[in-house]
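Please look over the sequence and the structure shown here, and then read the briefing that follows, which is grouped by topic.

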Amino acid sequence: MELNAVHREIPPRIDGYGDTSGKLFEGAFARHPSGYRSGARMRSFTPNSGSKLSGSIKDAIKASGLKSGMTISFHHHLRNGDYVVNQVIKSCAELGIGDLTIFPTALFEVHKGIIPYIKSGVVSRIMGSVNGAIGRLVSEGGLGSPVVLRSHGGRPRAVISGDVHIDVAFIAAPTADRAGNISGQMGSAACGSIGYAFTDAEYADVVVAITDNLQSYPISPVSISGIFVDLVAVTDFIGDPAGIVSGTTRVTRDPLRLLIAKYASRLIEASPYFMDGISFQTGAGGIPLAVTSFMREAMKRRDIRASFGLGGITGYFVDLMKEGLVQKLMDVQSFDLEAARSIASNPDHIEISADWYANPWNCGAAVNMLDVVILGATEVDVDFNANVNTEADGALLHGIGGHQDTAAGAKLTIIAQPLTRGRIPCVVDRVHTVTTPGDVVDAIVTEFGVTINPKRIDLLDACVDFAASREIPLIPMDELAAKAKSMCGAMEPIRTTDRVVAIVEWRDGTVIDIVRQLEKQVS
Amino acid sequence: MRRTMLYLPGNNPNMLLRGHLFEPDGLVIDLEDSVSAGEKDSARILVRDVLRGGEFGNCEVTVRINAADTDHWRNDVGAVVPCGVAGLRVPKVENPQMVRDIDEEISAVEARSAIEPGSVKIFCLLETAMGVWNAFDIAKASPRVTAILPGGEDLAADLRTSRSREGTELEWIRRMIIVAARAAGVDALDTVYPHVNDDEGLEREVGFIKQLGYDGKSVIHPNQIPVIHAVFNPTEKEIQTARRIVDAAAEAASRGLGAVSLDGRMIDAPVIRRARYTLMRAGLSTDLEMKG
Amino acid sequence: MESMDFKTSQAGTLESMDCLVTVTGPSDVRIIEVSGGSASRFRTAIELKVNEVLDGMGCDAGVRVTVQDNGAFGVVLGARVEAAFARYRGGALS
């Protein structure tokens, strides 16, 4: 066993993943690419090539040449309303295609529909987030090969560098035309940005657009051009609009979340980044949205305007732009209908790909321009390492999302969360799984105040100065960890077997941690 | 300071353990109305154990016990006083004798649990017309009494009216209680503002009671705390003026001068006292020489 | 004298940071069952707390104690066990 740079033991070889030597995490910015980008199959389309319209999903799968053992990809813009993943897997099973590697940008609860196909061997490998029932299944050893978890930026990097080759990309298309031009902005399953699908369209050998809203050629606007798309399948519904909307645009009234958000926003206001032109990413959760609302007040009070908001965009952010407090939105994922409507109508609301958003191996991802990001975590340790992948009981529960990418890119990375969830402490001596290294986490904010990474003396000084007029309770990490321990008591260890069920890759493709199979619960 | 006294339902662990995090000036752990009749025993045990844990930040910790006309109040006193509470909030106080009965019970418990005699204070809730009418005598009934407060719903019912958003029914009562409190030398604290999502209404009401002279208000939801503090907290300009007055007075005193003027205006004792009070409310001084 | 009839008592709730404790008896031996939020990481601590409270209350008869946890800290668990057992015993509260 070798130790990587965050002191995790990584086996030299992992069945179903390969050798890890030379792939151990060395530091947030240690690795740089060499050589050339990987490429997709070249193909042509002549006036005599016939129609891309291939009929049903099943017909499109046949036409795509998909065979057992191949890798297929999906995007998650339809979130918990997605019908496409389940339909494609079911159709593959009916066509006798199995041993598939699925490479989604994320999976949701709705995708537990594929569990029977995991058990029957239609799906033998998952590279992408697993949660809910699938996460539980994988954690207990129900999948033959380990899951590979990559961040939103690490995934396009893996594709472009050739770590992962996509045989067939199935792209849920809220609107498409017969030439395969795709937009997420119109149709009954409109989801706004489809930024996560761009790289798949460009690098897959075969690209299948699946739509329930076929419009006459050419549609406008176009997000993904038909020059990348081989086939267009038409189905009744690609998704349920009610499940597509996620997050909330109403600021929470929960006093604990508001308190944490207040401390986080004071930290931002005290930081050197709170000035005209600040940029931030706050996502869609309860605390981040409340931080955004406090920042809105602070920006008004101090007469400051933000240059851009990044990442997953909500209607709340759209309102900030309408108010003139934020000038541009860079949107890789639109969380609600207001955001989807805005991206379709406002040129200052820019659709960006996951590559543009967060890939560490291009000439400048948007995360590198970011001043402040507010993130969560299931747990953080005394070295500021964050775990967003496994729950308190050790089961896989979440994907990485943009956690690694924004933490690495932003000048001020804040993890804001209650110190305890029930009796489970969120600050511990050693996280079960390292998702994001403490090196790129600047502050933890809990209901007990602000805990600053000792590396950031500048930030500490800024808070102390600021505290004179508007208080920020500062609590050192050792004190915070001791508090959590005295409140919760000592936890029993998570019992695992030696078998590796998931690999957590850092965004540069190195192994930052592994997740082992849970021992069977004795009850 | 008692600008904000946050009620915490006695049978709710979440609020009992977290209430102090919202930094009210005080906590009122409730064994009375927020605890159903069948849960009095369970809540009393929980409150006792949480009090023993003692994690309440800088809050003044008090407990609202059950009323003197119930079977519960003596058990309440016996359970919480040994845990070191700053005071008891007593509901439905109608006359001085009720205060003296409570006082006696507290003294007995203090004595057998080695608590400093007289240290546990009494906050009297005046929830009937009779209680309000007797406000001054109640406030003077025991040296333990540290504050008197008007009731809300119960008082409205006793007056044969209902609570209004404008507080018409409480208007005279609030004026009466501030006078009685000041005459007796105790704090006047206001009843809760029950509309938890109406910050503007709350701000208006706090502005009114602050102008009457109240020291603070009972709080029903943590989100009300910053709103109330914002009204009670002096503005930056008030703080500056107060600081100049206090400094000028200190300098005059050091030079042996009795009277002092600032910006052409004579500064006398009441002005200095008010300036000190302003600095205290701003958290800039704990030195409040109210007897000046 | 304790009644030998089958009895059951409860205290607590299933609200966040609370637990519902059920005491049933008589039972041949003391049985402690734990389920819910913290069971995976705090089972031993929960069992220790239940025993500590019951022993402190002089419980020497067999009872079955069921803890349905929703994130209760030790101080809350202890209070709920005490209340549940006091109700079970039907005696005066401490």
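In this predicted model, the secondary structure of chain A comes to 15 helices and 29 strands. The radius of gyration of chain A is 23 Å, which is close to the 24 Å that the globule rule gives for 523 residues, and chain A is therefore as compact as a globular protein of that length.

**Packing of chain A**
- Taken along the principal axes, the box that the C-alpha atoms of chain A fill is roughly 75 × 55 × 45 Å.
- Of the 523 residues of chain A, 58% count as buried.
- When contacts in chain A between residues at least 6 apart in sequence are considered, 74% of them join residues at least 24 apart.

**Helix α8 of chain A**
- Helix α8 of chain A covers residues 255-270, and because its 16 residues at 1.5 Å a residue should span 22 Å, the 22 Å between its end C-alpha atoms agrees with that expectation.
- Since 13 of the 16 residues of α8(A) are buried, this helix is largely enclosed by the rest of the structure.

**Domains of chain B**
- The domain assignment of chain B gives domain 1, which runs over 4-232, and domain 2, which runs over 236-281.
- Between the C-alpha centres of domain 1 of chain B and domain 2 of chain B the distance is 34 Å.

**Contact between the chains**
- In the model, 5 residues of chain B are in contact with 6 residues of chain A.
- On the side of chain B that touches chain A, the residues divide into 3 nonpolar, 1 polar and 1 charged.

Note on methods:
Residues are numbered from 1 along each chain as its sequence is written. Chains are lettered from A and ligands numbered from 1 in the order in which they are written. This is a predicted model: local features need pLDDT of at least 70, side-chain atom pairs count only at pLDDT 80 or more; totals for chains, interfaces and linings use all residues. Domain bounds come from an automatic or database domain assignment. Helices (H or I, at least four residues) and strands (E, at least two) are DSSP runs, numbered from the N terminus. The radius of gyration is taken over C-alpha atoms; the globule rule is 2.2 Å times the number of residues to the power 0.38. A residue is buried if 20 or more other C-beta atoms lie within 10 Å of its own, exposed if 12 or fewer, and partly exposed in between; C-beta atoms are placed from the backbone. Two residues are in contact if their C-beta atoms, placed from the backbone, lie within 7 Å. The expected span of a helix is 1.5 Å times one less than its number of residues. Ala, Val, Leu, Ile, Met, Phe, Trp, Tyr, Cys and Pro count as nonpolar, Asp, Glu, Lys and Arg as charged, and the others, Gly among them, as polar.
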